[in-house]
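Please look over the structure shown here, and then read the numbered points below beside it.

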Amino acid sequence: MIWRLVVLGGLCVLLLGAEGSSCGGKTVTFHRTQQDESQGQGHARPRRGSSSGTPRPFYRPPFTSCRTPLTPDEHKVLDDNTHETGFNGDDGSYVILTWVGDGTGQEAPHDFTEDYAKSFHDISHRINHTFIREEFGVSVGPGSSVILTADIPVVDHPGGIIFTSTDAGATFKFIQLPFHLAQPITYHFLNPDYLVALSIDGGLWLSLDFGAKWTKVHDGVHSFSWGAGINLFFSFSRADTVEADERGDLVLKRTQDLGKTFTTIHEDIYSFGYIGAFLFFSVMEDSRSPRVMYFSSDQGETFSRALLPAASTEQFYSILDGDVDMLFMHVDNPGDTFFGTMYTSDDRGILFSKSLERHLFDGHRKSDFTNITSLRGVYLTNKLDKDGRIRSVISFNRGGMWRQLNKPENVECEEQIKNCHLHIHGEHSRNNRIVPMLALSEPTAIGLVIAHGTVGDSLSSSQHPDVFVSSDGGYNWRGTLRGPHHYSILDSGGLIVAVETQREGQVKTIKFSTDEGQCWKSYNFTDQPFFFAGLASEPGTKAMNVSVWGFRPEEDSQPMWVAVTIDFQSLITRECNDQDYEEWLAHATYEGDLKRRGCLLGVKETYRRLKKQSVCRNGRGFVVSKKQSPCLCTREDYVCDYGYYRHVNTSECVRQNAANKTLELCLNGEEDELLTAGYRKVPSDRCEGGFNLQLAVQTVIRPCGVKPSPGPPPAKSSSPIRHFDTPRERLVLILVCAGAGAIVLVAIVSAIIAVKRVVQRNSSPVYRFSNLRIQDEDNSNTADLESATSSNGTVCQQDSDDDLIE
């Protein structure tokens, strides 16, 4: 593959492509902090919040980390394939790297490279030396498409200016827009020619030819999102747009033919979002009632109110993750508790079951919830226990059960610590500047997880966490690097690189491992150390090149940004063969019945994986291969159904506050009578046979308020039939039937009223979505529900609460 790279005038923009990316590549922004600036000027400055006194000693369990020195030949090969480039900017305060392309090149709009960032040349003339906006100046789409937005005054131009490229920046086309952009242009997930944009005056604009022509779709739009296919959803206000979302005066619409016709999905909404296959929106149904939330799994054709256990008006809700099968939702506890309850949904996004109590959600409205993408069904998060300590838990069956992480095999706790486990630092720790990176996993690096953690009774606030690695998706861990590091996965997991975080100094060394972190080699990539900003590698983990970014102060006090690109492909030259791989059964370390060894979500998966001792290249053609076989169902394949919870001392699901197992709900204008044993199969679970529920789950659906249709006529009987022939007999029969009917009617009405009260009180809570939010893909920022679309901005808060970590 060939890639390209470019640098914009006052800031650096690296445009590199990600294979198979359907919605654009990865964007990374590196900033120089005030601390960095002061260091660059030669003045040491104490870190904010540091104490002048003697710091409290913290016990760090020791572990042995394997180190192997480079041979002279290896050092020479790396020296010959390490390339450094400097970029002079305006104020040099930050650098933006955006990855784009489909394997045809690598680039950025003022400098250009076709050799993986090893050398650059200026391409400013391709965009007429135009200044590009610092805010959403670059929008990356599927394939090799990229859009640059010019930085021009709004008052002097009737519309904005963009430059479009379909060849990863090799050529650009100048386009004058009939409007000014309010936020980045949004691509369709699959077709880069379909673009949607929001203007500063609330106009929704659509282009079907990659920006050449634009048509206004609607006025007064607040937010929008692509759905499945070419479904486009948007919310708008009929008249006054000021605070319409806060008043719940927005209308949610959908177009299925790219703006030709529209369908109103719901009125009086506050906000909406789309994630996985689910459309959701919050509504004010009654002026005297708080907001309620609705979900749709069929692109808004039908929708139903989400059924969650009782929640007060003080709570906020957050969609943590979602796909076509289910959703993870956090429901905050009342008050400033910094924790709540996590729920998982059914495949309709309507019925939610309790998954984890006391789930941490800190004062920044950020969660440590992480999807371990290197192994199916694995999720990692932190909880705030009653003793005020933060502890890590992991689930291997999509939130069905959670447990603490195993102690790393090469780390021992102090003798007085009885409950010794590994605890992983997440978003809360990164906000507190305890760790520089979150846990890292990649779908192509099967089972590999890299994370910062501490070993002990709970998560530590020490400023020196260590790096731990798991090779089996989080079951077992090993201490691998002492102290905080930046790390990246290359060559589909065949290579790991890391740069140690130097809080007070400059960097010049990179560490790399070819055996999933068991042993490391170090290489000095420069003779002139610089202040580290970050690592940059191609998304998808296919590449074997990595760029170390940073800056050096110059004599005129203006910094020079530096990119040092190291090509490990020149060092690891042998292509892997069949003998380098092994058959690996996922989840085989799970404790339980040997017959079910490796069963997870109803399926056994055996992967073809690179052996740790094999030093070779997977290469860009590497494809993850696996074999699947179904498993018998057990109780682990089920979660507790709506209205039930898993008892703390057993695996049984227990009914909440009621003994009656019948729940009457009204979904989509229909009465859905759910007869349940309290268990519901985990969405996407494909087990067969096995575990047999005591009461068969059956659903009877009929229109609300309409009696069931009459059954078949009774069969003829050979017994004599009594006829009532006289008027007196008929009158007595009528009076008896009327009396019995009245009694039955009163009983039915009383029963319905009682059941409705029970359901309303215990099963169908009313709650207020005061701050419904979606967690971003990179787990680093959260976005308001109003912006929970492909047109989002993000909310980033800098303050932190140090007292949450003990």
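1. Cys-576 is buried, because its relative accessible area is 17%, where buried means under 20% relative accessible area, exposed over 50% and partly exposed in between, with a 1.4 Å probe and protein chains only. This is a predicted model, in which local features need pLDDT of at least 70 and side-chain atom pairs count only at pLDDT 80 or more, while totals for chains, interfaces and linings use all residues. Residues are numbered from 1 along each chain as its sequence is written, and side-chain values use heavy atoms, with hydrogens and water left out.

2. Cys-576 is joined to Cys-616 by a disulfide, with an S to S distance of 2.0 Å, a disulfide being a pair of cysteine sulfur atoms within 2.5 Å. The torsion about their S-S bond is about 95°, so this disulfide is right-handed. Cys-616 also counts as buried, at 3% relative accessibility.

3. A disulfide is also formed by Cys-599 and Cys-631, whose sulfur atoms are 2.1 Å apart, and with -95° about the S-S bond this link is left-handed. Both ends are buried, Cys-599 at 9% relative accessibility and Cys-631 at 6%.

4. Cys-640 is joined to Cys-653 by a disulfide with an S to S distance of 2.1 Å, and the torsion of about -85° means that it is left-handed. Cys-640 and Cys-653 are buried.

5. The backbone oxygen of Cys-640 also lies 2.4 Å from a polar atom of the side chain of Ser-353. Ser-353 is itself buried, with a relative accessible area of 1%.

Terms used: A polar contact is a pair of N or O atoms within 3.5 Å; within protein, one must be able to donate a hydrogen and the other to accept it, and residues adjacent in sequence count only if both atoms are side-chain atoms.
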